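Jotting down what I look up, in the order I get to it.

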There are 2 protein chains.
Amino acid sequence: MWEGILQNIGKYITLTEDEIAYFKSVVQFKKLRKRQYLVQEGEVVKYESYVIKGCLRAYQVTEKGQEHVVQFAIEDWWIGDLYSFLTGTPATLNIDCLEDCELLQITKESLEELYIKVPKFERMFRILFQNAFVHSQKRLLSTIATSAQEHYTEFIKKYPNIDQRVPNHQIASYLGITAESLSRIRAQLVSKK
Amino acid sequence: MWEGILQNIGKYITLTEDEIAYFKSVVQFKKLRKRQYLVQEGEVVKYESYVIKGCLRAYQVTEKGQEHVVQFAIEDWWIGDLYSFLTGTPATLNIDCLEDCELLQITKESLEELYIKVPKFERMFRILFQNAFVHSQKRLLSTIATSAQEHYTEFIKKYPNIDQRVPNHQIASYLGITAESLSRIRAQLVSKK
DNA sequence: CGAAAATTTGACATGACTCAACTGGAGTGG
DNA sequence: CCACTCCAGTTGAGTCATGTCAAATTTTCG
């Protein structure tokens, strides 16, 4: 249960035995079944979650009932409604499991304490957020600057592992197009070859 | 020259006199005229820049020559091609001044050293990147989930200060629409009132 | 096996784009 | 200080990519 996350943390910072023990003491293990919610719109989010195993999606629902996927998360990713988590305001996102999931969760209070007691974590999350920001900017640019077809081909190149685990209509939702459009794009790509 | 940035830093962390002195010693002052480049596509970016005064835009140019604005920056914002800065790869962005600008710049080496010598800065940038990521996600959602008109009205609500300093066709580019479309949207909004 | 979900396909609608022309204001140089 | 150019902004006409709605087909999973 701990190998994955500790190895992942090890990519960014080096911890002592004590620090590892302390870290272990502040995170909680959680199992969720496929289709279960991790977060529902309207609730105040208490945890950020690290994915040990499984696959989740975070999405927002518009007034007209359309779902827009903001993020997928698989093994070794963090997921949550960060804005709600940070500000204590009600979540605007829903997050649910596309597969049975195993998570490690940390509360805001524990995380703040972790930053103080083991400042290396401040470094790790600085790097994680920095990378997340860069990727988010790149995604934005693809959304704005490229055709739906290019955008889709970029996506499957970049996330082949996610592509194979997630239904197409949810990928469409992530890309900001309809399931029908994605279906037609895929048909075109096949016929081109 | 220093009040603005020190006050801004003070929102996130508290520094001693020595730390302030050290910080001052690692950043460089730079003035640029309107229309001058801060970063050009292809060069390796050496600095992240804090805006003391002025207004800049970061944009990418596609093969077909279309410009897409990724970010505007005004007083108290940081700007740069973060990906190039972090990885040492050639910049994909261009950044230029929309007004005469005064900047403070820091190199990657100095920033890394600053993180080590004054870990509080790790905290500050963790928070800055965290916020930048949250905003980027929200922007992405607006781009994907709302009509061009809603997206524009959200933009002017959120950034009235930028709106007034930047020509409309560049706002259009930021929103991912053409200048013509924005012009028509604005006409509609006026007629509605 | 059967119900529900996912995907595909067709017909049609529409929002945004492209290209082109025109207007008005800002900045520049004689 | 005026004439001229340049650029931002607007408007119109036609096109195209993607959306919508509906139905048929395939896949998934209890």
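I started with the surface near DNA strand C, in what is a predicted model: I get five nonpolar, six polar and four charged residues there. For the classes I count Ala, Val, Leu, Ile, Met, Phe, Trp, Tyr, Cys and Pro as nonpolar, Asp, Glu, Lys and Arg as charged, and the others, Gly among them, as polar. Near means that the C-beta atom, placed from the backbone, lies within 6 Å of the strand.

In total 15 residues surround DNA strand C, and the closest are A:N168, A:H169, A:S183, B:A148 and B:S181. Which helix gives the most here? α9(A) does, with six residues. Helices are DSSP runs of H or I with at least four residues, strands are runs of E with at least two, and both are numbered from the N terminus.

Housekeeping: residues are numbered from 1 along each chain as its sequence is written, while chains are lettered from A and ligands numbered from 1 in the order in which they are written. Local features need pLDDT of at least 70 and side-chain atom pairs count only at pLDDT 80 or more, whereas totals for chains, interfaces and linings use all residues.

Next, DNA strand D. I find 16 residues around it, the closest being A:A148, A:S181, B:P167, B:N168 and B:S183. The elements giving two or more residues are α6 (148-158) and α9 (179-192) of chain A, plus α8 (168-175) and α9 (179-192) of chain B. α9(B) gives the most, six residues. By class I have five nonpolar, seven polar and four charged.

Then the protein-protein side. 25 residues of chain B touch 25 of chain A, with contact meaning C-beta atoms, placed from the backbone, within 7 Å. On the chain B side, α5(B) has the largest share, 17 residues. That side splits into 13 nonpolar, eight polar and four charged residues.

How do the copies relate?

Most residues other than glycine have a negative phi. A:R35, not a glycine, has a positive phi of about 75 degrees, and sits in the loop between β1 (28-32) and β2 (37-39) of chain A. A:R35 counts as exposed because it has 10 C-beta neighbours inside 10 Å; the cut-off for exposed is 12 or fewer.

Key:
Contact = placed C-beta atoms within 7 Å. Buried ≥ 20, exposed ≤ 12 C-beta atoms within 10 Å, placed from the backbone.
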